[in-house]
Amino acid sequence: TTLRDMSRAANPNKPKKTQIEIEADVAAKKQEADRERIKRCIITLGDENKKVVSQIRGAVQLLQDDVELHGELMSTVLIDCAKCLPIKLGIYAAWCAKMAEKHPKWAANMVSCAMEELRARVQDGSVASTQLLLRFIVFLANTGVLGVVAVLDLLLQEKIVGRMIVNGVISVCQSMQLSRRGDFPVFMALASLPFLSPEAYRQGREKVDSLIAAACKHAANREAAWKSTLRIFKSKDSFDRLEELLRSVKQLSKQGWSLQVVLHVPGFQPSALGINGMPEIPLGIAAEDFQESCARFQVPLMSVSLLTSESSSGMALADRWVLEDYLLLVVEMFAQDIEECSKQILRIPVLHYDFEAITVEILFSQLLRLPTPVRLPLFYCRVLEACAEKQSTMRKLIQEAFQSLFCKLSDMDEDCIDVLAEAFACHLAGNGYQADWSIFVAEDANVQVLRFAQRALERLQRLSEHQNMMARLPQAMRIHAPPEPLPASGLQVVSKPQFGRLINLVRLKDSNAEKVLRYCKWLMHAEEAVGVQELKDEQEDEPHPKRQKIEIEEEFGERPSQPMGFEEVADLVVSVMLQQGHKTPTHMAKILDGHDQVLHKLKPSKEEDASSYEKAVARSVLEFWKAAGQRLEITFDSLIQRKVISPQVVAETALCHGSLKADAMPLWNVVGNAARKSLERSQAAHADLAIAKKLQKEDVLLQKCQAELECAIQANARLFLSIFTSLVNAYEDAERDAALRNILLCRIVSVGRKYLAEIRPLIKDAESRIPHVGRNPDIAAVFKLLNTL
């Protein structure tokens, strides 16, 4: 009453609500409260590890009266939970079984909705959602909601329904051409089998054996040469997750299908036919539809053993596979929240003495995953630290995992070494520089270990101020630290008299780009462009060239006797801009904001001259920031973003510049950023064309979008052709340096596998399109191997 009176006092003209309106508001609020209660009840079901059966009964009693009014909401929330919470699928299936006893129609509708969602996820190739939905349906068979036979038919075989042939999950793959079938259907079907209960396995043993046989047939015809390009350790053969899964289910079939890490809620029994009234569950996807809509799925490799080994660990193959699968899915589903992700990892219901060690191994393996980690290295470092904060015994295991990797650096892939250096730098920054440095300061430390120490400290310098880093590092490690990141001094361009004049014109505040441009044209003797006519006396009919020359010389100084070339002027202008904006990236951005038009207008119109001009700009940047890699990368990124220079020119100049060694970290960062920028342009052009087609824009606009896309694709092709050509030439030049040659081969592999989707035609025709590949057997073998990916 008080609130109503206060509201009316504030707005006395507001009409009073009728009794019907008041009752409607109350009913709406109650309905919204009921919806939130239902969501909370379903989402939190099974969060407590104890008394799961009583929690299920309580949830049934709490929600059974809401089916009539909120049944659709309950189905939607349940299916969303099934797609996101891998550890609780058995609990949700058991709750559905209890609900189906009293509300079979709701259960039948929920199954139909789950199948519709599964079909959509299979068609768009969503790996995690497809895995979890299939797994949920398997658990529905374990609890008797669906028939075991129907579920295994969904996974396995094609069958005739009416006059139509309906594919199962694995038969979609079998009916595709061998060269295009991929591993997605087989992996999805096989990955559901470990979650069958022992009793469900006994009821459907023949079909399970048939599914395993079909997977074995697929594996026998499968090309797996690509695995060698994705190994963390070069000399160690690794099983991928499909091969390891096949080994696991074969072992399970011999052991009665018993797993320790899969939770089957007690009190539920499977049946051959399931509950009466449940709908048919055909996949309903033709092989052609799947082939057109689903991208080729690359099965990841199994995690490497750093702290445990298959012989010493007591965990069975299938249990370890399922544990790794749990962890990968949890990380994917909770990647946006580090704290919750770490909690979910530690909640995985596995009671084993190696659980923590295996968890650390899996997270490190994902950190080093090739061709690139799914998440940034910083993400995995933060997840490991968050787990260690909650489980203190994991901190020692993390340190041991780092040391284990340090001992294997000579056998590690180059990309993995780079990522590990970044992860170690993050680890040091987050732990007060506390680490076991013994391997780096040992007298017998090999070249690769010392090289890694330099790379790690280069990255650490980006996370900490140089003096602070040097003060906190142990004395023995300081010799590996990079020099302080400062701009180059003593550059030849600074001694030119025009440098001092131009540095007074290029200002951070009150910039005058037009005047700077006029001065540059003056130096190039381009009199028609410096505004000579504007300096004439408007009151006099005849020009006075002598007076004009005097006024211009008073403004710009004495002009050089010989005109300066556009490359020399570009070097001069860029060097002055860098000098004026070197303090911080913000200063540099302001300088470019005020003067980037100078760089654009100085660029020659001829394509060949324009390329030489851009290379002169890039060389000036490289010379100025050759001792400060991070500022070098930021400056190039800004110039590419403003279209002053192209990504291709940046990559070419970086790979050919003498001030950077072929093994330098900034060089590869610059090349990688250039490739990323070029690909972003083509992706943006793709998106623009798709939008124009969707909105049915005019033909002129469609042609413009198509032309921009073609131009971007050609730019990508030229860029990667230039990168590979530079690497091949460097390989030939390093004839006497076996170590450098090996690094360059690794870099070719790195670029090829990282950007394979965009440059597959170039990789396929490498011998005919990239100079000198055919006459270098080692390089030709690398490109041949990349074609297997």
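**Close-up views of a predicted model**

**View 1. Aspartate 418 in helix H20.** Aspartate 418 counts as buried because its relative accessibility is 13% (buried means under 20% relative accessible area, exposed over 50%, partly exposed in between, with a 1.4 Å probe and protein chains only). The residue sits in helix H20, residues 414-430 (helices are DSSP runs of H or I with at least four residues, strands are runs of E with at least two, and both are numbered from the N terminus). Leaving aside residues up to four places away in sequence, aspartate 418 touches Arg455, Arg459 and Arg747 (contact means heavy atoms within 4.5 Å). This is a predicted model, in which local features need pLDDT of at least 70, side-chain atom pairs count only at pLDDT 80 or more, and totals for chains, interfaces and linings use all residues. Residues are numbered from 1 along each chain as its sequence is written, and side-chain values use heavy atoms, with hydrogens and water left out.

**View 2. The crossing of helices H16 and H18.** The axes of H16 (residues 338-346) and H18 (residues 377-390) come within 9 Å and cross at roughly 60 degrees (axes are lines fitted to C-alpha atoms, for helices over the stretch in contact, and angles run from 0 to 180 degrees between N-to-C directions). H16 and H18 are therefore oblique to each other (under 35 degrees counts as roughly parallel, over 145 as roughly antiparallel, 65 to 115 as roughly perpendicular, and the rest as oblique). On the H16 side the contact is made by Ile338, Glu339, Cys341, Ser342, Lys343, Ile345 and Leu346, and on the H18 side by Phe379, Arg382, Val383, Ala386, Cys387 and Lys390. By class, the residues of this contact are eight nonpolar, one polar and four charged (Ala, Val, Leu, Ile, Met, Phe, Trp, Tyr, Cys and Pro count as nonpolar, Asp, Glu, Lys and Arg as charged, and the others, Gly among them, as polar).

**View 3. Helix H25 and histidine 525.** Helix H25 (residues 513-523) is largely enclosed by the rest of the structure, because nine of its 11 residues are buried. Among the buried residues of H25 are Arg518, Lys521 and Trp522. Just after H25, histidine 525 takes a positive phi of about 60 degrees.

**View 4. The whole chain.** The protein chain has 37 helices and two strands. Of its 789 residues, 50% are buried. Among contacts between residues at least 6 apart in sequence, 74% join residues at least 24 apart.
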